[in-house]
Amino acid sequence: PCLFYLPAMVLLSKSVLLIGRTGDGKSFIGNRLLGREAFESAERANSVTQSCSMSSTVDRQLNVEFKVIDTIGLFDTGKTPPEVYNILRQFIRMAPDGVDAIVVVVPGGRLTQAVFATLEAIEIFFGPRVWAHCIILYNHCGKTPEQIWVDRAVAAQAEFLNTWMTQGASICTFPDVDEAEHETREVR
């Protein structure tokens, strides 16, 4: 007979919200973060994701459940802005205690007018303090975060990057698919 009871280990939960424009690769990044194909993903301009969805993985060594919430694209071509914002609000049910990080997925290594509009929409949706919780992830980017930081000297990028960086946002890059697969093979 068992003389003592060991309670089940309580998992620490961490939630990440993926947000960005339609076609910028949110689902692709979510799949990479989870290490498996959890979200439908396609390389096309029209939206594959039509609502918020969540998938998770557990790191037994760290005793952490890692939740990734994939969202509909901002400026979805088939929906009005109020419809998109109402769908985005679904993430609140998936992360009732809030999210630990917001990963803003943007394409390539440059800030374009479309990216500026996306970042401004995120600030309007979440409020100006959102940047302290954001990671701006440049998807399919051949540059390092340091190169992007140096490139901020370009007049169009400097004001926006400096504002968001001083408010706490981080910059991260994810290489092209071929480079990512090559890097994955090298690590294994």
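This is a predicted model: local features need pLDDT of at least 70, side-chain atom pairs count only at pLDDT 80 or more; totals for chains, interfaces and linings use all residues.
View A. Most residues other than glycine have a negative phi.

**View B. Asn63, a residue with positive phi that is not a glycine.** Phi of Asn63 is about 60°. Asn63 belongs to the loop between strand S2 (53-59) and strand S3 (64-70). Its relative accessibility is 16%, so Asn63 counts as buried under the 20% limit.

**View C. Ser27 and the backbone of Glu40.** Ser27 is part of helix H1, which covers residues 26-34. A polar atom of the Ser27 side chain lies 3.3 Å from the backbone oxygen of Glu40. Ser27 counts as buried because its relative accessibility, 7%, is under 20%.

**View D. Cys52 and Cys134, two buried cysteines.** Cys52 has a relative accessible area of 6% and is therefore buried. Cys134 has a relative accessibility of 2%, so this cysteine also counts as buried. A disulfide is a covalent bond between the sulfur atoms of two cysteines. With a cut-off of 2.5 Å between cysteine sulfur atoms, the count for the model is 0 disulfides.

Notes. Residues are numbered from 1 along each chain as its sequence is written. Side-chain values use heavy atoms; hydrogens and water are left out. Helices (H or I, at least four residues) and strands (E, at least two) are DSSP runs, numbered from the N terminus. Buried means under 20% relative accessible area, exposed over 50%, partly exposed in between (1.4 Å probe, protein chains only). A polar contact is a pair of N or O atoms within 3.5 Å; within protein, one must be able to donate a hydrogen and the other to accept it, and residues adjacent in sequence count only if both atoms are side-chain atoms.
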